[in-house]
Amino acid sequence: MKHRLMFTGKKLIRMVLLLLGVSLAAFLLMSASPLDPLQTNVGQAALGTMSQEQIAKLEDYWGVNTPPVERYLGWLGDFIRGDMGTSLLYRQPVSTVIGQRLQSSLWLMAFAWVISGVLGLTLGVIAGARRGKLADKLIRGYCWLISSTPAFWLALVLLVIFSVWLGLFPIGLSVPIGADAASVTLSDRLYHAFLPALTLSITGVANIAMHTREKMADIMESDYVLFAKARGESTRSIVLRHGLRNVALPAITLQFASISEIFGGSVLVEQVFSYPGLGQAAVNAGLGSDLPLLLGITVVSAAIVFGGNLIADLLYGVVDPKIRRGVARK
Amino acid sequence: MRRWNGRKNALFLLCAAAVVLCVVAVAGGLLGGQAMVTDFTRKNLAPCGRFLFGTDWMGRDMLSRTLTGLSLSIRIGLLTAGVSAVIALLLGVASAVCGGWVDGVISWCIDLVMGIPHILLVMLISLAFGKGFVGVVAGVALSHWPSLARVIRGEVLQLRGAVYVRTAEKLGVSRLTIARRHLLPHLLPQFLTGLVLQFPHAILHEASVTFLGFGLSPEQPAIGVILSESMSYLTTGKWWLAVFPGLSLVLVVVLFAAMGEQLRKLLDPASVHL
C-alpha cells in the first residue's frame with residue numbers, strides 16, 4: 001500500500017511539473033503573437049478616432065504594456081491562490097466562464113467518451129477475433145474512412161441531413177432559443193446535445209476500434225489461445241475468457257488517451273453547432289486575444305488529459321495483479 | 001514472367017495513389033485563376049453538367065475552388081509532414097543515443113506536447129506566428145512529431161541493445177559504420193512509413209485550424225475556408241457548398257492513408273500478416 005502511495009505521489013509531482021510547463025509554453029506562445037489585441041477587438045477604424053489616453057487605457061486593459069515575465073509571474077501567483085484572472089472578452093472571472101462552459105461541454109464529452117469507448121472496444125474485439133472475415137473487413141473499412149474524415153465536415157453533413165432536410169434536430173445552441181434558464185429541462189439539453197455528441201462518438205470509435213483490433217489479433221495468435229483451441233474451447237469462450245482479460249490493459253490506455261482527442265473534436269463540433277461549450281470559448285478567446293481565458297482553458301484541458309493518464313496508470317494496478325506486485329517490488 | 005503477387009499489387013496501388021494526388025495538385029495549381037472568377041449571372045447554381053460541384057453566392061465554380069484548395073492542402077501537408085518527421089527523427093535519435101538528462105528533457109517535452117489537446121496546441125502555435133500561411137505551417141509542423149519521435153526512440157534503444165550491434169561494438173567497428181550498416185536499414189522504413197502516415201493528420205489539422213479561423217486567411221482558396229464560409233448558407237439549403245469540397249478532402253486523405261499503408265506493406269513485409 002505504501003508503494004502504491006509512493007507511485008501515485010511521484011506521478012502527481014510529475015503531473016504538476018508538466019502542468020507548469022504547459023502554462024509556461026502556452027503563455028510564451030501567446031505573448032510571442034504579433035497580433036495586436038487592440039486591432040483585433042477594437043478595429044482600426046475605431047482606434048483612429050480615439051484619443052491617446054483612451055488608447056493607453058485600452059492597452060492597459062489588454063495588458064499590452066506589462067512585461068511578459070511580470071505578467072506570467074503575476075498570473076502564476078494568482079493561479080496558485082485559486083484565482084485564474086478575469087476574462088477580457090466575457091468580463092467575468094475565468095473560473096466562472098470555464099465552469100459554465102465545462103458544464104455544457106461535459107454532457108457532450110462524457111456521452112461521446114462512453115459511447116465511443118464501449119462501441120470501439122466491442123467492434124475492435126469482434127474485428128480482431130474474426131480477422132480476415134467479412135465483419136473484420138467492414139469494421140476496418142469504417143475505421144479507415146472515418147479516421148480520414150474531418151470531424152467538422154461530418155458535423156456539417158449531419159447538420160444538413162438531420163436539421164435542414166429532415167428537421168429532426170435543432171440547428172444549434174445547447175438550449176431552446178429564448179427559453180428561461182430555469183425552464184430548460186434535461187430532455188431539452190439532451191435533445192440539443194444529441195447531434196454534436198453523435199458526431200464525436202462516430203469519429204471517436206475509429207481510433208479505439210483500430211487499436212483494440214490489433215491487440216486482439218495479437219492475442220488470437222498467442223500460444224495460450226492455440227492451447228485453448230486445442231482443448232476444444234469455442235471462439236466465444238476464448239474471446240470472453242482469454243481475449244477480454246488480455247485486451248483490458250490496452251483498452252484502458254486507449255480509453256483514457258482518447259480524452260484529449262474528444263476534447264479536440266469538441267472544439268470543432270461545438271463551432272459547427274454553435275454549442276456554447278469550452279471548445280467554443282477557446283476559439284473565441286484565441287481569435288479575440290483573450291490571454292487569461294485561453295491560458296485557463298489550456299491548463300484546465302491539459303489537467304483533464306493528465307488526470308486521465310494518471311487514472312489509467314492507477315487502474316492498471318487494479319486490473320492486473322502482475323503490475324501491482326511489480327510496482328511493490330521496486 | 002512471374003505471377004502477379006501482393007507486393008506488385010501494393011506497388012501498383014502506391015504509384016496509382018501518388019499519380020492521382022500529383023494530378024490533383026497540378027490541376028489545382030493551374031485552375032487557381034479560374035477559381036477566383038466571379039460571375040453573378042450564375043450564382044448559387046446546384047450541381048449540374050457544366051458545374052459539377054455547383055457554384056457559390058458569387059458565381060464561383062466550386063469544382064475549381066475545391067481543386068485549388070486541395071492542391072494547397074497537399075502542398076502544406078507535404079511541407080509540414082516533412083518538417084515534423086525530421087524533427088521526430090532528430091529528437092528520437094538524440095534521446096536514445098545520448099540518454100541521461102537529454103533523454104529526460106526530450107521525454108518530458110514529448111509528454112508536454114501530447115498533454116495539450118492537439119487542436120488547441122496548433123491554435124496556440126499558429127497565434128504565436130501570427131496566423132496565416134506561416135502560422136498554420138508552423139502549428140502543424142511543430143505539433144506532430146511526438147508520437148513518431150517516441151517510436152524512433154524506442155526503435156533505436158532496442159537496436160542498441162541487440163546482440164549483433166553489441167557484437168559489432170566489441171569487434172571495434174566504428175560508430176559511424178554501425179549507424180550506417182546496422183541502424184539505418186532498420187530505421188529508414190520506420191521513418192518513411194511514419195512520414196507518409198503523417199500526411200493525413202497534417203492535412204486534416206490544417207483544414208480544421210483554417211476552418212476555426214486560425215489558419216489560412218479568407219482570401220486564400222483553402223478547403224477550411226470554403227467549409228467555414230458554407231456554414232452561413234447551409235440552412236438555406238445550399239448543401240453542395242459543404243458536401244462536395246469535404247468529400248474531396250476525405251478522398252485525398254484516404255489516398256494518402258492508402259499510400260502509407262501500401263508503403264508499410266512493401267517496407268515491412270512481416271506486418272502484412274497481422
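The legends below describe close-up views of a predicted model. Residues are numbered from 1 along each chain as its sequence is written, and chains are lettered from A in the order in which they are written. Local features need pLDDT of at least 70 and side-chain atom pairs count only at pLDDT 80 or more, while totals for chains, interfaces and linings use all residues.

**View 1. Helices of chain A.** Chain A has 14 helices and zero strands; helices (H or I, at least four residues) and strands (E, at least two) are DSSP runs, numbered from the N terminus. Of its 330 residues, 36% count as buried, that is, with 20 or more other C-beta atoms within 10 Å of their own, the C-beta atoms being placed from the backbone.

**View 2. Surroundings of Leu156(A).** Leu156(A) is among the residues with the most contacts inside the largest nonpolar core, which has 153 residues. Such a core is a set of buried Ala, Val, Leu, Ile, Met, Phe, Trp, Tyr and Cys residues joined through C-beta atoms within 7 Å. Not counting residues up to four places away in sequence, Leu156(A) touches Val272(A) and, in chain B, Leu227(B), Leu234(B), Ala242(B) and Gly246(B).

**View 3. Side of chain B that touches chain A.** Here 36 residues of chain B are in contact with 41 residues of chain A (contact: C-beta atoms, placed from the backbone, within 7 Å). Helices that each supply at least two residues of this side of chain B include α9 (175–212) and α11 (240–267).

**View 4. Trp144(A).** Trp144(A) lies in helix α7 (residues 134–147) of chain A. The C-alpha atoms of Trp144(A) and Glu233(A) are separated by 32 Å.

Note on methods:
A residue is buried if 20 or more other C-beta atoms lie within 10 Å of its own, exposed if 12 or fewer, and partly exposed in between; C-beta atoms are placed from the backbone. Two residues are in contact if their C-beta atoms, placed from the backbone, lie within 7 Å.
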